[in-house]
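Which parts of a protein model line its pockets?

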Amino acid sequence: MSADTTTSSSTHQLNGAAQEFVPATPGDKYRGAVVEDLQLAPAFSLPFNESISRAIELAYERDFSHIPVLDRSRRPLGYLDVASLKEKWEAGKANPDDKVSQYMTKFKRTSTEPYTLITPMTPLSDLEEFLKTNLFALVTDSSRKFVLGVATAHDLEEFVSRRGL
């Protein structure tokens, strides 16, 4: 029994059964994969008024290098660079009771640097482009109300390695 294979731009038939066929964009090394396919750990973030001693403790428990900092409404304000904060702590330049807001890097939100929305459905090729000029990406819901995860270039490299792409 031979397989009858015909292809069109929208369907693919194998043994007479039609299946939806979504071709990858030419040159898309991720083969159409999206951020959700990275299987990121759930987001860990801190309120702006958390103490840095607690922030460092939590960061090392979870092995995170950057932690989003949120306002009272849980919207992203900025992030903590954990290694930098730890250096300041060890050098005696940071008090354990200081608030994370004193040490966070604020996100730039201006008309010349608009917010780039990264959601679970963002193509990995778009994420890769974003990460060329950013250390990490906050993955949020489409209305930017909740931080769902943090994606890095390392996450993309692991994905490619796992998939053999």
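Predicted model: local features only at pLDDT ≥ 70, side-chain atom pairs only at ≥ 80, totals over all residues.

Q: Which residues are the closest to the centre of the largest pocket?
A: The largest pocket holds about 540 Å³ of space. Its lining is made up of 19 residues. Of these, the closest to the centre are Phe107, Lys108, Phe130, Asn134 and Phe136.

Q: Which element gives the most to the lining of the largest pocket?
A: The elements that give two or more residues to this lining are strand 6 (76-81), strand 7 (105-106) and strand 8 (136-140). The top contribution is three residues, and it comes from strand 8.

Q: How many residues in the lining of the largest pocket are nonpolar?
A: The lining includes four polar and four charged residues. The nonpolar residues number 11.

Q: Which residues are the closest to the centre of the second largest pocket?
A: This pocket has a volume of about 350 Å³. It is lined by 18 residues. Those closest to its centre are Asp63, Phe64, Val150, Thr152 and Asp155.

Q: Which element supplies the largest share of the lining of the second largest pocket?
A: Strand 9 (147-152) and helix 4 (153-163) each supply at least two residues of this lining. The largest share is four residues, and its source is helix 4.

Q: How many residues in the lining of the second largest pocket are nonpolar?
A: Five residues of this lining are polar and five are charged. The nonpolar residues number eight.

Conventions. Residues numbered from 1 in each chain as written. Heavy atoms only, no water. 1 Å grid on protein atoms, 1.4 Å probe; cavity = no way out; pocket = protein on both sides within 12 Å on 5 of 7 lines; lining within 4 Å. Points joined across faces, edges and corners; volume = space filled by probe spheres on them. Nonpolar A, V, L, I, M, F, W, Y, C, P; charged D, E, K, R; others polar.
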